[in-house]
Amino acid sequence: MIDDLLKLHEHRPYPLPSGPWVLRQTWRNLLFAHWPLPAEALRALVPQSLQLDTYAGQAWLGVVPFLMRNVHPRGLPSVPGLSHFAELNVRTYVCMAEKQDGQTVDKPGVYFFSLDAANPVAVALARALFRLPYHYAKMAGWESSRGWIEYRSHRCEMDAPPADFAARYRPTGPVYLSARGSLEHWLTERYALYTVDSAGRPYIGEIHHSQWPLQPAVAELQPQKLVGASAALRLPDRPPLLHFVRRIEIAAWRLRRLRA
C-alpha cells in the first residue's frame, strides 16, 4: 500500500523527498479547526529563523485532534499498545525555501506550538528524533452512536503548562478535494513540518499522503485553556473554520537541517 501511495504525487506542490521514508502511520477521525489571527501576534511566537506564512495577509492558528493508528518504523510491524493512540496539536503555518535538484523550491509547512499524545514512548521518541514540543496526556477519542466523535485530553506532565481540551465533532457533508488557491487548500495541503534547534537553526521533516479527503464539519469545542497554555494566545470570539477527515495514510521522512 505504501508503494501505491508514493505513486500518487501529482497533487504535491513540489517533488517527493529523496531517500527512503522512515515512519508510517494512519490518521483517523481528524478535525481541522482554524481561526484567523493577526500576523504580528503569531510572528512574535514563531522562531525568527522561520518565515511565517499568511493567506491574503492573514495568519491562521489550527487546533487538530485525531487518532493515530498503525504507527511503525520502516521494516517493523505495528506493536499493540504502542502503535495506536490519540494526538492533538496546536499549530500555525510557515513557508521556507530550500535548494532541491539545483532549484530553489518554496515548501509550505507547519510549525507546532505544542503536541499532546497519549503514548509516553511516542512522546519521548518524537522529542528526541523530531525536536518537537510533545507532551504526555491522558486522552480518549471515540465515535458515539449518532456519529459524533467525542474527544478529551488532559496533559499529565508536572513540569509542563497545564492544558485541557474537550470536543465533539462530526462531518456534515460529502468528501471533496480542495481547489488550488483556496483557503482550505492553503491550510491543509502542506507536506513539511519545521522546527529549530537550541541555536535557532531550522530543520525540516517531510511527509507524503494523498490529497486531503475533506468534509465540512460541525463541532462543539473547549480549546481556550489548551491554546493559552501552549502559545500564550487567545482565540478570537468567532466560530472556527471546520473540516473533517475520516482517514488518511502518511509516510514520513527523517528530520534534517534545512538546506539554504
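What is the relative accessibility of cysteine 156, and how does cysteine 156 count: buried, partly exposed or exposed?

Analyst: Cysteine 156 counts as partly exposed, because its relative accessibility is 25% (buried means under 20% relative accessible area, exposed over 50%, partly exposed in between, with a 1.4 Å probe and protein chains only). Cysteine 95, at 19%, is buried. There are zero disulfides in the structure (pairs of cysteine sulfur atoms within 2.5 Å).

This is a predicted model, with local features needing pLDDT of at least 70, side-chain atom pairs counting only at pLDDT 80 or more, and totals for chains, interfaces and linings using all residues. Residues are numbered from 1 along each chain as its sequence is written, and side-chain values use heavy atoms, leaving out hydrogens and water.

Now the strands (DSSP runs of E, at least two residues, numbered from the N terminus). β5 (residues 134-143) runs parallel to β4 (residues 103-117), joined by three bridges; pairing takes at least two DSSP bridges. Leucine 115 has tyrosine 134 in β5 as its bridge partner. β5 and β6 (residues 149-155) are antiparallel, with seven bridges, and glycine 141 stands opposite tyrosine 151. Five residues separate β5 and β6 in a hairpin, where glycine 147 in the turn has a positive phi of about 90°.

Tyr151 is also among the residues with the most contacts inside the largest nonpolar core, which has 42 residues (buried Ala, Val, Leu, Ile, Met, Phe, Trp, Tyr and Cys joined through side-chain atoms within 4.5 Å). Strand β3 (residues 85-100) supplies its largest share, five residues. A second, separate core has 34 residues, including Val110 and Ala126.

Technical notes:
Helices (H or I, at least four residues) and strands (E, at least two) are DSSP runs, numbered from the N terminus.
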